[in-house]
Amino acid sequence: MDMVMKLGAESPVVIFSKTSCCMSHSIETLIRGFGANPTVYELDKLPNGRQMENALIELGCQLSVPAVFIGKDFVGGSNEIMSLNVRGELKQLLLRANAIWI
């Protein structure tokens, strides 16, 4: 879990994804739509991807991907990101993390 937390803190927005996951792609597209440039780790392309996936599940991801960190904090998966967006809170979170500017 330490490796996942370390990687999650290296950039204003970090997404753990899989190349075959349509929800991961949708969340990445949503975040990029605000002008952010997330760091994306495709777990199915990484040699230690399975271990990272298990660590994400330990963090509380019901499904391992997508898992999103914003401002060094684990925010959650697609449900949490979509809920933040619907409530109008995702943009503010991205601003506070210096992932986007006005």
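**Exercise 1. Find which residues have the most contacts inside the largest nonpolar core, and which elements build this core.**

*Solution.* The largest nonpolar core has 17 residues, and those with the most contacts inside it are Val-13, Ile-31, Val-68, Ile-70, Ile-81, Leu-90 and Leu-94. A nonpolar core here is a set of buried Ala, Val, Leu, Ile, Met, Phe, Trp, Tyr and Cys residues joined through side-chain atoms within 4.5 Å, where buried means under 20% relative accessible area, exposed over 50%, and partly exposed in between (1.4 Å probe, protein chains only). Next, look for the elements that give two or more residues to this core, which are β1 (13-17), α2 (22-33), β3 (67-70), α4 (78-86) and α5 (90-96); helices (H or I, at least four residues) and strands (E, at least two) are DSSP runs, numbered from the N terminus. Of these, α5 gives the most, with four residues.

The model is predicted, so that local features need pLDDT of at least 70 and side-chain atom pairs count only at pLDDT 80 or more, while totals for chains, interfaces and linings use all residues. Residues are numbered from 1 along each chain as its sequence is written, and side-chain values use heavy atoms, with hydrogens and water left out.

**Exercise 2. Determine what Leu-90 and Asn-85 are in contact with, leaving aside neighbours within four places in sequence.**

*Solution.* Contact means heavy atoms within 4.5 Å. By this rule Leu-90 is in contact with Leu-30, Phe-34, Ile-70, Ile-81, Leu-84 and Asn-85, once its neighbours within four places in sequence are left aside. Then turn to Asn-85, which lies in helix α4: with the corresponding neighbours left aside, Asn-85 is in contact with Leu-30, Phe-34 and Leu-90. Asn-85 is partly exposed, because its relative accessible area is 25%.
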